[in-house]
Amino acid sequence: MSGAGSTDRVVVVGSGLMGTGIAHGFAAAGFVVTLVDLDGAALERAVASIGKIFADGVRLGKVPQAAAESALARLTTDTSLTAALTDRPAVLLVETATESMPAKVAIVKEADRLLPADAIIGSNTSALSVTEIAAATQRPDRVLGMHFFNPVHKMKLLELVRAVGTSDETIARARSWGEALGKTTILVNEAPGLTTSRMSAMMGNEAMYMLMEGVATAEDIDTALRVGFNHPMGPLELGDLTGWDTRLAVLKYLHETLGEKFRPCPLIQKMVKAGRLGRKSGKGVYEYADGQRIPGSGLKAR
Ligand code: NAD
């Protein structure tokens, strides 16, 4: 078994929001990292963002300058997965490309052909079946879900997802890599919405039912969870941040797979039809100007 925190090589496929953070995490933990994306511009953006995270860490005194420099020196990029893996062994490949089953299946099939036999494939999928992704390979026992949170360098949770065929050894190795990255790992047997998306969808949906029924104002519902339960953000504020279109898609999927308790609140459906998607459209449950919430703008029940 490869020891965590060694100079083992990790390949991260997909250099968007999540791939950037995951590559940063492995480089910071001492791994040799190759970040792969079909889009060269996305790779350039990712390397610039990783450089900025390290620079901020140095400025704040959290990371020694020399450590940041050596981590960046261990990071390379490639636009071809074949080039990144041919004759260059890796112990782990983290797939974090666009959330599409055909894209993920194509990536893991190619990775399976090129990776050493004992290497592990982790998928950062939020909602797709890891069992289905694993079934596209000849090593389903060495495939698992590794679900990171955004922004990866600040969020400490890593949900490890056991697919039908994932072995105990694979889970143990993934746990040790998670610990090397300073994450707290939890283990989830593959299920729709895992633990986090399922819980967050349920709370956001219930908060919207309460708003629709006029139980309390949006501001008071959010204050209840922030102040009463010490949540960092209320469920309506969080929905505005996530986007109600995304939230609705998740709820529809959970409703389909887990049943009636996830029936999307009609107010969410109306808001999405009205284009009130949240921060990204300038209006959701609250209204925003220059990225700042307008005080007293919470949607009124009607
Ligand atoms: P993103 O759109 O920011 O980035 C996806 C990247 O994948 C793009 O740069 C794209 O060019 C690249 N890509 C697509 N097909 C590829 C291929 N065949 N080979 C190489 N690169 C390819 O997406 P994201 O938000 O970083 O999400 C990535 C994954 O992480 C998804 O599965 C998503 O569900 C999951 N996820 C997202 C979040 C989040 O908060 N955004 C949180 C946890 C998990």
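Me: How far apart do the C-alpha centres of domain 1 and domain 2 lie?

Reply: Domain bounds come from an automatic or database domain assignment. Here that assignment gives domain 1 as 9–189 and domain 2 as 200–293, and their C-alpha centres lie 30 Å apart. This is a predicted model, in which local features need pLDDT of at least 70 and side-chain atom pairs count only at pLDDT 80 or more, while totals for chains, interfaces and linings use all residues. Residues are numbered from 1 along each chain as its sequence is written, and side-chain values use heavy atoms, with hydrogens and water left out.

Me: Which strands does β4 join by bridges, and do they run parallel or antiparallel?

Reply: Strands (E, at least two residues) and helices (H or I, at least four) are DSSP runs, numbered from the N terminus. Two strands pair if DSSP finds at least two bridges between them. Strand β1 (residues 9–13) is joined to β4 by four bridges, and the two run parallel. Four bridges also join β4 to strand β5 (residues 120–123), again in parallel. Glu95 of β4 is the bridge partner of Val13, and Glu95 stands opposite Ser123 in β5.

Me: Which way do the residues of β4 point, and are they buried or exposed?

Reply: Buried means under 20% relative accessible area, exposed over 50%, and partly exposed in between, with a 1.4 Å probe and protein chains only. In β4 (residues 92–95), Leu92 and Val94 point one way, Leu93 and Glu95 the other way, and all are buried.

Me: What unit do β4, helix α5 and β5 make?

Reply: A crossover is right-handed if, with the strands pointing away from the viewer, the path from the first strand over the helix to the second runs clockwise. With helix α5 (residues 101–114), strands β4 and β5 make a right-handed β-α-β unit.

Me: Where is Asn124 found, and what does Asn124 touch?

Reply: Contact means heavy atoms within 4.5 Å. Asn124 is found in the loop between β5 and α6 (130–135) and is buried, with a relative accessible area of 7%. Not counting residues up to four places away in sequence, Asn124 touches residues including Met18, Glu95 and Phe148.

Me: How many aromatic pairs does the structure hold?

Reply: Rings of Phe, Tyr and Trp (its six-membered ring) pair if their centres lie within 6.5 Å; planes under 30 degrees apart count as stacked, over 60 as edge-to-face and the rest as tilted. The structure holds one aromatic pair. The ring centres of Phe26 and Phe31 are 5.2 Å apart and their planes are at 85°, so the pair is edge-to-face. Phe26 counts as buried because its relative accessibility is 0%, and Phe31 is likewise buried at 0%.
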